[in-house]
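User: I'd like to learn how to read a fold from its strands and helices. Can you walk me through one?

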Amino acid sequence: MNLKLRLERLCDTRSWVRLHFADATTITGRVLRIGHDYLEMESFGEVEKPSSRGYSKHLIPLNLVKYITIESSSFAEAERNRLDYVSKLDPNHDIMPEFD
């Protein structure tokens with residue numbers, strides 16, 4: 001199965017994924033949308049960089065992605081970061097991104 005088809009399936013379920021790039025950097029987040037030659041994902045901070053934890057969206061060209069990790073024990077920590085971020089939002093503005 002090619003990378004784009006796998007990412008499309010992950011997008012349908014809003015699954016957590018870790019993208020690995022050729023320069024040995026990674027980003028962990030949830031896949032939101034797949035375009036013709038890019039993907040959009042949301043991230044809630046990296047475990048390795050606790051000082052820069054926060055919500056961000058990324059547009060990433062597919063040709064930069066070397067490979068993906070689909071299941072990882074660190075995704076539980078990433079989900080905790082997401083829930084922590086959502087819980088700090090305005091309590092009157094009840095949104096849950098996974099139910100969009």
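**Reading the fold**

Analyst: Going from the N terminus, the chain's elements run α-β-β-β-β-β-α; helices (H or I, at least four residues) and strands (E, at least two) are DSSP runs, numbered from the N terminus. This is a predicted model, where local features need pLDDT of at least 70, side-chain atom pairs count only at pLDDT 80 or more, and totals for chains, interfaces and linings use all residues. Residues are numbered from 1 along each chain as its sequence is written, and side-chain values use heavy atoms, with hydrogens and water left out.

User: In what order do the five strands sit in the sheet?

Analyst: Strands of a sheet pair through backbone hydrogen bonds, either parallel or antiparallel. Two strands count as paired if DSSP finds at least two bridges between them. Here the open sheet has the order E4-E3-E2-E1-E5, with antiparallel pairing. Strand E4 (56-61) and strand E5 (65-69) are the edges, each pairing on one side only.

User: How many bridges join E3 and E4?

Analyst: Six, in the antiparallel sense, with E3 covering residues 38-43. Ser43 stands opposite Ser56 in E4.

User: Which strands does helix H1 touch?

Analyst: Contact means heavy atoms within 4.5 Å. Helix H1 (residues 3-13) packs on the sheet and touches strand E1 (16-21), strand E2 (26-34), E3 and E5. Its direction makes about 80° with that of E2; axes are lines fitted to C-alpha atoms, for helices over the stretch in contact, and angles run from 0 to 180 degrees between N-to-C directions.

User: What share of the chain is buried?

Analyst: Buried means under 20% relative accessible area (1.4 Å probe, protein chains only). Of the 100 residues, 35% count as buried.

Terms used: Buried means under 20% relative accessible area, exposed over 50%, partly exposed in between (1.4 Å probe, protein chains only).
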